[in-house]
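Thanks for passing this one along. Here are my notes, point by point, to read beside the model.

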Amino acid sequence: MTQKDAIDGGTDPLYIDPDLFDGGGAREHSPSAMRKIAEELKTAIGALEGSGSAEGYTTGSVNAILDHCQLTEAQIGTWHDASAFASTVGKNSGAHKFAEVYKQYIQALKDVVAAIEANAANHGAADTATEGGA
């Protein structure tokens, strides 16, 4: 909803629930639920980092992108201009550029997992401390 919609009688898009932090169950944290989410993300990351299949199909991994998604000299041609072109498409190919972005995406997911795990650890320690534990 846009601000104009809110002016015309709709719900304010910047509305903040006044009971958000009332402690009455409106907001609750669960370190175990956070850890479960982190584990699910780790499983997804594992699939992203896997290798291509034996049949030559890509699996969505960085290795599969590099192994199966770029042209070789044999595919482009071996005459002089084609060979020169083939030697330049290696490092600057779309496959290499896409693989680099893919690696950055995987690293960002790993950073999110680390943040979720740290958050779960902090919540778990705070729960222990507030419940009278050590």
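What percentage of the 134 residues of the protein chain count as buried?

1. The share that count as buried is 19%, where buried means under 20% relative accessible area with a 1.4 Å probe, protein chains only. Please keep in mind that this is a predicted model, in which local features need pLDDT of at least 70, side-chain atom pairs count only at pLDDT 80 or more, and totals for chains, interfaces and linings use all residues. Residues are numbered from 1 along each chain as its sequence is written, and side-chain values use heavy atoms, leaving out hydrogens and water.

2. The protein chain has six helices and zero strands, taken as DSSP runs numbered from the N terminus (helices: H or I, at least four residues; strands: E, at least two).

3. α6 has 37 residues, which should span 54 Å at 1.5 Å a residue, and the 53 Å between its end C-alpha atoms agrees; the expected span is 1.5 Å times one less than the number of residues. Just after α6, Gly132 takes a positive phi of about 90°.

4. The largest nonpolar core has 14 residues; such a core is a set of buried Ala, Val, Leu, Ile, Met, Phe, Trp, Tyr and Cys residues joined through side-chain atoms within 4.5 Å. Two or more residues each come from α2 (31-48), α3 (62-68) and α6 (94-130), with α6 giving the most, eight residues.

5. Ile106 is among the residues with the most contacts inside this core. Apart from neighbours within four places in sequence, Ile106 is in contact (heavy atoms within 4.5 Å) with Ile45, Leu48, Glu49 and Val62.

Methods: Buried means under 20% relative accessible area, exposed over 50%, partly exposed in between (1.4 Å probe, protein chains only).
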